[in-house]
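Q: Please take a close look at one part of this structure for a reader who has not seen it before.
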Amino acid sequence: LSLVTQQVGMRLPEHDVNYVRELANDVRQGAQRKLDALVWRKQTERERDVIRLISNGLSNKDIADRLCISSITVRHHLTNIFDKLGVSNRQKLLIRAHQYAIAELTAQA
């Protein structure tokens with residue numbers, strides 16, 4: 001913002017500065033929502049199910065039982081999810097999923 005005012009050679013009134021800051025923040029938030037949606041759409045429906053179940057604290061075996069698939073298939077889904085989200089383990093997956101609002105992190109008692 002200051003670079004723009006320097007190039008134009010004028011000082012913006014404070015209300016204009018605040019407006020431009022709010023506008024820039026709105027643009028960033030909108031871009032983040034679009035990024036979140038793109039990341040979520042990259043996942044298959046089954047991968048989304050696996051992410052949700054992991055966020056509920058289920059093990060691979062529990063996920064397999066819940067989805068009526070084998071534990072090996074769960075591992076394949078996890079590999080695909082890790083690759084798409086650029087993470088290397090379940091903990092990082094949960095952090096990334098929370099960042100992208102894919103899954104809510106809940107405390108386990």
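What pLDDT does the chain average, and what share of the residues score at least 70? Then describe helix H5.

A: The chain averages a pLDDT (the predictor's confidence in each residue, from 0 to 100) of 79, and 68% of the residues score at least 70. This is a predicted model, in which local features need pLDDT of at least 70 and side-chain atom pairs count only at pLDDT 80 or more, while totals for chains, interfaces and linings use all residues. Residues are numbered from 1 along each chain as its sequence is written, and side-chain values use heavy atoms, with hydrogens and water left out.

Helix H5 covers residues 71-85; helices here are DSSP runs (H or I, at least four residues), numbered from the N terminus. From first C-alpha to last, the 15 residues of H5 reach 21 Å, close to the 21 Å expected at 1.5 Å a residue (1.5 Å times one less than the number of residues). Val 74, His 77, Leu 78, Ile 81, Phe 82 and Leu 85 of H5 are buried, that is, under 20% relative accessible area with a 1.4 Å probe, protein chains only, whereas exposed means over 50%. Seen down the axis of H5, the buried residues fall within an arc of 140° (taken from the directions from the axis to the C-beta atoms), so they line one face of the helix. His 76 and Asp 83, on the other side of H5, are exposed. Just after H5, Gly 86 has a positive phi of about 70°.

How values were computed: Helix = DSSP H or I, 4+ residues; strand = E, 2+ residues; numbered from the N terminus.
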